[in-house]
Amino acid sequence: MISGYVQRRELAKARKLFDELPERDIVSWNLMISGYISCRGSRYIEEGRNLFDNMLERDCVSWNTMISGYARIGRMDEALGLFNSMPERSVVSWNAMITGFLHNGNVERAIEFFERMPERDAASFSALVSGLIQNGELDKAAKVLTEHCNKDEGREDLVHAYNTLIAGYGQRGRIEEARHLFDQIPFSPDGGKEGNERFERNVVSWNSMIMCYVKAGDIASARELFDLMTERDTFSWNTMISGYVHWSNMEEASELFSKMPNPDTLSWNSMISGFMEIGSLKLANDFFERMPQKNLVSWNSMIAGYEKNEDYKGAVKFFSQMLLEGEKPDRHTLSSVLSVSTGLVDLHLGMQIHQLVSKTVIPDVPINNALITMYSRCGEINWARSIFDEVRLQKNVISWNAMIGGYASHGFSEQALELFKLMKRLKVRPTYITFISVLNACAHAGLVEEGRKQFKSMYSEFGIDPQVEHFAALVDVVCRHGQLEEAMDLINRMPCEPDTAVWGALLGACRVHHNVELAQVAAEALMRLEPESSAPYVLLYNLYADMGQWDNAAELRMMMEKIRSESNRGIVGLILRVLMMVLH
């Protein structure tokens, strides 16, 4: 009974039962002490210590429990005092001290205790190696292994420490050192059925090294090791499949999946995510339908995949099916469906999901950001701001970007710029997306000097290199003020290739300000970038008409008709010939 209460952290009930016991054995005392030690807070450890001090007799478990409790909360002096007072220490006592020192960053003392240990077990090596890795001391961990692998303790259990260090090297991208360590572990092709007195590679060793290669993007080396394995577990297969999926090599992933003896739910979900990532919705759907057992991740992968591929109706269909089959949505589900509402600009759907959020989950930052974006996109900018203000401390830079972008896209330039000032005052570092919205706000408000100032501060103050979207917004700013020559100069000085947004802003402004010469330059660039679009022809034609250049307008119209009559084959070459005739 006491054990059950302790496991459920119902310490008041456990203590009441303990106090009512007519006779208490050492197991009861240890259970009660471990219950207090497992809870956070100095009050609990003091209760545990009081019990410990009142014990008539103690065993090694009693001492080790108290030492571990003090070590876990950083009170190493008290842990050391108990350790030194122990009548008899076990290997667990030493391990507890080593773990405590490492947990509190005292690497040298941990190594000192390890060296002093009269005997060690597998946990000793694993505790030291993993603790050194957590403290960033990989080279010291390697030294420990090198010095001890040939001693008496170099039994087969040493492989656990080697595996831990291989994984540690992999996490820090030190693949060559990981492979060197892997190669140091003896390998018996027969699976190590003989000579078990010495450590050998096990399946975890292979999996750890394969994972190192996968994380580094060296899929070929990972596959080479995978093919050499004499024994594979589910983790081996899933690691290799996930590597192919991560690099969008779904052909190899499918080939491997088809050979996997017993794919688990993670295997199926990886394949679904991979197909969604490359836009193969039909194949993802096929795998989903064939899954023997679906879980929430399976449904979320399908809904998120349809949303990312902008098949919003498909996402809604799967969400409805999910609810009908009794699967309860979580934050990831609801965040995806809110993004679907944004894509559809469907306020009614968005509000329904908002109600579902309120009833089923505690909104986190991603959900609040999705709500702000949804209401902004659907034109309910005040509701978006209300949520933005309510979340207070639960904001990140995406929250700020969503709100500033919402104001900018709906023409509320003043509010967008004021919010940006507040963002900087609160020391929230803007991103390149923030500046796209800020520059768009300047363009809508005709704030040329403010636009130039913000563009400059982007790289001078925040070290953000301007992207093509920033140049497009700045070109729009200066064009709206009629400064077309400056806009053209800006385009010529761009470090990246101008896109359709850049040339479109210039061409639109050329019509407003009747600049035929630059309009022809912009139109030619647009026609090269989007040869099948009629927009530049129409804008240029209207400009010719506005300026009374009826011959050019008529000739352009004739060429447009000719283009329409041509087949798609050779259309780019034809358009360029037309440009040479009309514009020059």
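# Loops, a pocket and ring contacts in a predicted model

Lys427 lies in the loop between helix H26 (413-425) and helix H27. The model described here is predicted. The backbone at Lys427 has a positive phi of about 65°, although Lys427 is not a glycine. With a relative accessible area of 75%, Lys427 is exposed.

A second residue with a positive phi is Val345, at about 50°, and Val345 is not a glycine either. Its place in the chain is the loop between helix H21 (331-344) and helix H22 (347-360). Val345 has a relative accessible area of 46% and is therefore partly exposed.

## The largest pocket

Sorted by class, the lining of the largest pocket has eight polar residues, five nonpolar residues and one charged residue.

## Aromatic rings

The structure holds 25 aromatic pairs. In one of them, the rings of Phe83 and Trp94 have centres 5.0 Å apart and planes at 85°, so this pair is edge-to-face. Phe83 has 0% relative accessibility and counts as buried. Trp94, at 6%, counts as buried too.

A further edge-to-face pair is formed by Tyr407 and Phe412, because their ring centres are 6.3 Å apart and their planes meet at 80°. Here the two partners are classed separately: Tyr407, at 7% relative accessibility, counts as buried, while Phe412, with a relative accessible area of 34%, is partly exposed.

Phe83 and Trp94 also belong to a cluster in which ring pairs link them with Phe101 and Phe113.

Rings also take part in contacts with charged groups. The charged end of Arg201 sits over the ring of Trp206, at 5.2 Å from the ring centre. Likewise, the charged end of Arg232 sits over the ring of Phe226, and there the distance to the centre is 4.3 Å.

## Cysteines

How many disulfides does the count come to? The count comes to zero. In general terms, a disulfide is a covalent bond that joins the sulfur atoms of two cysteines. A pair of cysteine sulfur atoms has to lie within 2.5 Å to be counted. For Cys510, the closest cysteine sulfur is that of Cys479, at 6.8 Å, which is too far for a bond. Cys510 is at 0% relative accessibility and counts as buried. Another buried cysteine is Cys212, at 2% relative accessibility.

Ala122 lies in helix H9 (residues 122-134). Although Ala122 and Ala161 are 39 residues apart along the chain, their C-alpha atoms are separated by 7.7 Å. Ala122 is buried, with a relative accessible area of 19%; the limit for this class is under 20%.

Ala473 is part of helix H29 (residues 468-480). Between Ala473 and Gly451 the C-alpha distance is 8.8 Å, and the two are 22 residues apart in sequence. Ala473 is buried, at a relative accessible area of 4%.

## Accessibility of selected residues

The table gathers some of the residues discussed above.

| Residue | Relative accessible area | Class |
|---|---|---|
| Phe83 | 0% | buried |
| Trp94 | 6% | buried |
| Ala122 | 19% | buried |
| Val345 | 46% | partly exposed |
| Tyr407 | 7% | buried |
| Phe412 | 34% | partly exposed |
| Lys427 | 75% | exposed |
| Ala473 | 4% | buried |
| Cys510 | 0% | buried |

Notes: Residues numbered from 1 in each chain as written. Predicted model: local features only at pLDDT ≥ 70, side-chain atom pairs only at ≥ 80, totals over all residues. Heavy atoms only, no water. Nonpolar A, V, L, I, M, F, W, Y, C, P; charged D, E, K, R; others polar. Phe/Tyr/Trp six-rings, centres within 6.5 Å; stacked < 30°, edge-to-face > 60°. Buried < 20%, exposed > 50% of the residue type's maximum accessible area, 1.4 Å probe, protein only. Lys NZ or Arg CZ within 6 Å of the ring centre and 35° of its normal. Helix = DSSP H or I, 4+ residues; strand = E, 2+ residues; numbered from the N terminus.
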